[in-house]
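Colleague: I would like to learn how to read a fold from its coordinates. Please take me through one example.

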Amino acid sequence: MAKRFFDGARRGFVLAGAAAVVLAAMPQAQAAWPEKPVRIILPFGAGGVGDATARIVADKLSDKLGQRFQIENMPGPGGISAARAVTTAQPDGYTLGLLSNGTAAAMATFKKLPFDPLTEFQMVSTMGQFDAVLAVSAKSEYKTLGDLIKAAKANPGKINVGTITAGSTQNLGGEYFKSAADIDVVIVPYKNSPDIVVGLLRNDVQMMLDFPPAVKGQVDSGDIRLLATAAEKRSQIFPNVPTAAEQGMKGFRVYSWNGIFAPKGTPKEIVDKLNGAIREVLAMKDVQEQLAKLSIEGVPSTPEELMQRLKDDAANLNMVVDKAGIVRK
């Protein structure tokens, strides 16, 4: 009897020990994530809208989740360097990337990227979005978008439209405007937004297409006038400016967005926790106010919605590239 008791007890201890080993081997770190600082790699330099958005959200995530979320800028053509740094990292939630509409533009303008966002990115959530604006000098004779389109039809090839670098969302947006309005205008790419503003004020270009942060200061000072927003509905930042759709260009929209992604294979528990934290951060009043000053609307999403947004934008921009006859790199 005693022997059976001790044999049974010994088996119990063995089973208990085995269970402890199994439990110890389970991904406890997932439940505790994050236990160390988290990197967010950006595909562009410091100082831009995406960089500012990421820093605002990262600071709040640091407070909320108890570990530092640190920004690492890694600029490069097509966001390739930054994307590779994320996709080749361990899928443990400690290396994240900032995704933007620029990735969709790269998918449309490059023959082949050295990574596939549709299969190598684990989407987390969008953070912000902002619609493009169409602007002229305050001294311009064009008071409405219709005025400019009418002049362009009467004078083919005589009106210049400034955007930033060829292949950018803004540049493809300019080509889209040209096609949607069925006009012959010259799309002039500049190195950066401040250079376009100078060109607009000197009348080197008669209109520019860019995002609100690029022109808000000059709009506020009265040097630049907005003809339209390339949006589905009126902007919260510029509520008195009609959309292009209101002025006859139905369906015309040019916008950008940014969001967070992780390497494929990142545990669902981590993705869900981060998604929830981003939603809570974007709902904070002070975050909304900070983003509004940058003309950004804080918008979270599900991982699936972010993936669909990327697919839809890449498909639309592919059509723009084909119609404009842009040669893919």
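**Burial, sheet and packing**

Modeller: Of the 329 residues of the chain, 48% count as buried, where buried means under 20% relative accessible area, exposed over 50% and partly exposed in between, with a 1.4 Å probe and protein chains only. This is a predicted model, in which local features need pLDDT of at least 70 and side-chain atom pairs count only at pLDDT 80 or more, while totals for chains, interfaces and linings use all residues. Residues are numbered from 1 along each chain as its sequence is written, and side-chain values use heavy atoms, with hydrogens and water left out.

Colleague: How many helices and strands does the chain have?

Modeller: Helices (H or I, at least four residues) and strands (E, at least two) are DSSP runs, numbered from the N terminus. The chain has 13 helices and 11 strands.

Colleague: In what order do the strands of the open sheet lie?

Modeller: Two strands pair if DSSP finds at least two bridges between them. Here six strands form an open sheet with mixed pairing, in the order S2-S1-S3-S10-S4-S11. S2 and strand S11 (297-298) are the edge strands, each pairing on one side only. S11 runs antiparallel to strand S4 (residues 121-131), and two bridges join them. Gln129 stands opposite Glu297 in S11.

Colleague: Which helix packs on the sheet and touches S11?

Modeller: Axes are lines fitted to C-alpha atoms, for helices over the stretch in contact, and angles run from 0 to 180 degrees between N-to-C directions. Contact means heavy atoms within 4.5 Å. Helix H3 (residues 49-65) lies across strand S1 (38-42), S2, strand S3 (95-100), S4 and strand S10 (255-263), at about 160° to S2. Helix H11 (residues 268-282) packs on the sheet and touches S2, S3, S4, S10 and S11, its direction making about 15° with that of S4.

Colleague: Why does Ile71 count as buried?

Modeller: Ile71 counts as buried because its relative accessibility is 19%. Ile71 sits in strand S2 (residues 69-73). Leaving aside neighbours within four places in sequence, Ile71 is in contact with Ile40, Leu42, Asp51, Ala54, Arg55 and Ala58.

Colleague: Where is Ser295, and is Ser295 buried or exposed?

Modeller: Ser295 is in the loop between helix H12 (285-293) and S11. Its relative accessibility is 6%, so Ser295 counts as buried. Not counting residues up to four places away in sequence, Ser295 touches Phe130, Pro212, Pro213, Lys216 and Ile237.
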